[in-house]
Amino acid sequence: MSPARKRTVRLVVALSAAVILASALIYTSFSAASPTVTPGQLVREGVAGREYQLTGKVKAGSVRHEGQTLDFAVQDRAGEAAIPLSYTGQVPDPFKEGREVIVTVVKGAGRYIGQRDSLITKCPSKYKVTPSKGKTY
Amino acid sequence: MPELGRACLLLALGVCAYGIGASLYGVRRGRPEFALSGRHSVYALAGILTVAFAVLELAFLRSDFSFNTVADTSSTTTPTFYKAAAVWSSQEGSLLLWAWLLSLWSSLVLFLTRRRLREESAYATAILLGFAGFFVSLMIFYATPFATTNPAPADGVGLDPLLRHPSMMIHPPMLYSGYTLCIIPLAFGMGALIARKVDAEWIRATRHFALAAWLFLGVGIMLGARWSYSELGWGGYWGWDAVENASLMPWLTGTAFLHSLMIQEKRGMLKVWNVSLVLATGTLAIMGTFLVRSGILSSIHAFGGATLGVPFVVLIGVLIATSIYLVYTRRDMLASEHRLDSLLSRESIFLANNVVLVGLCFVIFWGTYFPLISEALTGHSASVGPPWFDRYTVPLALILVLLSGIGPVIAWRRATLANARRNFLVPLACALVVLVVLLASGISTGKPLAIAMFCCAAFVLGSVGQEYWRGTRLRRASSGEAPPLASLALVRRNRRRYGGYIVHIGIAVLFVGVAASSSFQHASELSLSPGQSTKVGAYTVRYVRPTGTITSKQDAAHTGATMSLGAVLDVSTGSHPARHVATLTPSEGFYDSGEPSQGSVGHLIGGQAVSHVSMDGGVTRDVWSAIAPDISTPRLLRVMNIANKTIPLVRPDEGMIALAVLVREYLKAPPPAQLHLIVSPLVLWIWIGGLIVLGGALIAAWPAPSAVRQRVRVGVRSADDRLDRPPASPERGLARV
Amino acid sequence: MAALLTLVLLAAVIAVVGWPLFSRRRASAPESADRAELQSAREAKYREIRDAELDYRMGKLSREDFEAVDASLRAEALVILDGLEALDAGSPAADAQKPAD
């Protein structure tokens, strides 16, 4: 085989390998991903047994510690639907009522279960668009 | 003073516009004085932005709350160090920092290349001013740092307690320096393409800037990881969060660029790769900057500000389109001077290195932007978690480490079996020894990837060690120095090579730490009462007693926690007798929320709680602990209710006394507290590896000692010329190894 | 106060930016630029020659390859040195200048 031919073959092989690997990557990302939903969407479209990434605000007054479990409700940003859930695992520092959170949930028998250690609280917004009023003390 | 700041921004925009015009006019019409005027515009811009930054910084230091950004992120009780650093904790302030750093680095670079790269640097000047102008426009039209409120509020909101940590304050300037430094090679790359001069001179100049960018980004990433590990309450150093990934991606392409450049230098190959990599690095840096502040991706760091999204998307689109256009239209001059002779050659290994690094970058890119991609393709936003990232990045990282051991020793053009025997025997032996030891020790069951990483790291150490050994021996043969001196001289005279080898050692060490701490970690999360103990890995942790402190609001030396509750933990190992290992004191700090609705006493501790981690770091392992005390037991809540009812809002001192009562009640009968305990082996080596990388990079980047250059200039033929052949040309005095 | 500072800043900016347009010292610039380029090229070429030799002695470059590479690098170095000598011969005044690096 001439050197030029060898090079073409090499290139084709390399590109094919890259395409195959990329396809594998892309395919698994779609199957391994959990849809990001708001409480409203979850109520409407939620399927039992499937994992979802629930995002929203922690509803005021809904937080309760029961031994190792943390019960709280996640509310739509607009304040409409709220999903109560039970969560076990790491609770990040910034977690509190009114904070934006992301938690992986699965719909069990009649209730939602937060997956272990999946709770993420958004860092309190460092970059605010509108300035807040100053506090006098 | 805010008027001066606003005037500076307008002036800056004007200077950018003029500079772009002057540079382009100067280079296209052959009027060097205009090109020089364009370069001076960059210097002027740096001056203007310095004044603007000083105005903002002074406002913070003087607690001038008429400035909105000061009122939003600082307060009278914020310690001075954090006041000074709070400048960049807001969107507007960070844009100013970005623009200022860009102008400073651009000025430095243009000054250093003032006598060279005439044409390329004129275009680069225009491009750099374009970027600066973009950011200045953002500040003028979208998010100005100099907005004021009249009348000024009496006090500010204060800096988020989570950010009151020294490395969290250094992390943004480091990262921004990294990002802005990535723009400079991009500008010179585009300039070189426009001027049709992608040659050795361009490589020489761009390499230094790319190395500086790579260094700063790397330090920024390491600082962020360290902060996450030692300050945040989750005990990890990397979470594949969108913002972490955003800074890693340009670093990966930057690494590929620095390596791939060598091939262009030595063999005139991979030119298309190199320009593409340098353009990609700059574009990824802009994308990273955009990601952090646009809120388009849900992540731990999602900062608000959807209004900034559109300009950035346009900028990124322009960058990508321009890059593709330039590379395509200049492809004839980017043709390789040589061809790949063999798949087993250094050229081929470097090409593989490029592919793996770009592959890693692609995986991370895909995973990071997946929510947007899936939304665009399927209408539903979905995200992938750390396990998906790990699945693809770990094997790629293994290959990368392996390549870093093969690359330095494999022969150019074509590796023969004899080469391979000579160069790979020792490294392979090292890897095998490690493998055997690990298998025999029995700890390796079920952790093949970690074992593979340890073996690859051993391979790298063997390969680099061999290089040093052989090089020292060569040097000693000609100079007769003692081994340590010979080694030093070797490094001094071949900084780039041997400094680079040290970087490879650092990376190997770092990955050993990562592999060990992820695969062999023991973690435990449970409720404990005083007196109880639990086992974590080889250690027994006993909750000895609770702790509690109150700190007055005026104590500026502290981070400002009003109340702190924690525990004393005793860590021991073994039994009969148990050996004391460490005493840990994790605690949780409660901060003032400033919300009267939480009660006159409630608000004093109603703000965000911050976990103060306590750990015992060691050479072989870290024992890490965090605590979440329970303050909502019925008894403690009763105390709080009574305090809220009886103490007026305007008497915070009496509120503090009430808190003291609360703390005493807590200490008298402490409820079970939630403890998070982790024993991670070899974490320290991650930080050590990072430091080794830094040291190696500095050695590689340091200019050659003048002694070497002196010898060369004098033109005296060196006595240690061992080459047994007639010179092809009159010797002009080239210093030997 | 702010207005005054702004005017001062404006004046400074105009001075810095406008200076090249009115300054007379343009003649020597191309000279020193070429010299600096050649000098940095020379340093780099020397480094490459040393590097190639080290590679050869460490067994990463075969003898034939090394001799070919070494010869071509030295030829390139000679071209650069010739260029520098031409510059020196052309402008003896520039000789007294310290090299840029």
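The model is a predicted one, in which local features need pLDDT of at least 70 and side-chain atom pairs count only at pLDDT 80 or more, whereas totals for chains, interfaces and linings use all residues. Residues are numbered from 1 along each chain as its sequence is written, chains are lettered from A and ligands numbered from 1 in the order in which they are written, and side-chain values use heavy atoms, with hydrogens and water left out.

Chain A contains two helices and eight strands, taken as DSSP runs numbered from the N terminus (helices, H or I, at least four residues; strands, E, at least two). Their order along the sequence is α-β-α-β-β-β-β-β-β-β. Of the contacts in chain A (heavy atoms within 4.5 Å) between residues at least 6 apart in sequence, 49% join residues at least 24 apart.

Helix α5 (residues 91–112) of chain B, with 22 residues, reaches 32 Å from its first C-alpha to its last, close to the expected 32 Å. Helix α6 (residues 118–141) of chain B has 24 residues and should therefore span 34 Å, in agreement with the 34 Å between its end C-alpha atoms. Both helices are mostly covered: 17 of the 22 residues of α5(B) are buried, as are 18 of the 24 residues of α6(B).

The contact between chain B and chain C involves 61 residues from chain B and 50 residues from chain C. The buried area, that is, the accessible area (1.4 Å probe) lost on putting the two parts together, summed over both, is about 5,100 Å², with 60% given by carbon and sulfur atoms.

Five salt bridges (a side-chain nitrogen of Lys or Arg within 4 Å of a carboxyl oxygen of Asp or Glu) are found across this interface. A salt bridge joins the side chains of R497(B) and D51(C), with an N to O distance of 3.0 Å. Elements giving two or more residues to the side of chain B that touches chain C include α1 (2–28), α2 (32–61), α8 (200–231) and α17 (495–519) of chain B. The largest share of that side, nine residues, comes from α2(B).

Key:
Expected span 1.5 Å × (residues − 1). Buried < 20%, exposed > 50% of the residue type's maximum accessible area, 1.4 Å probe, protein only.
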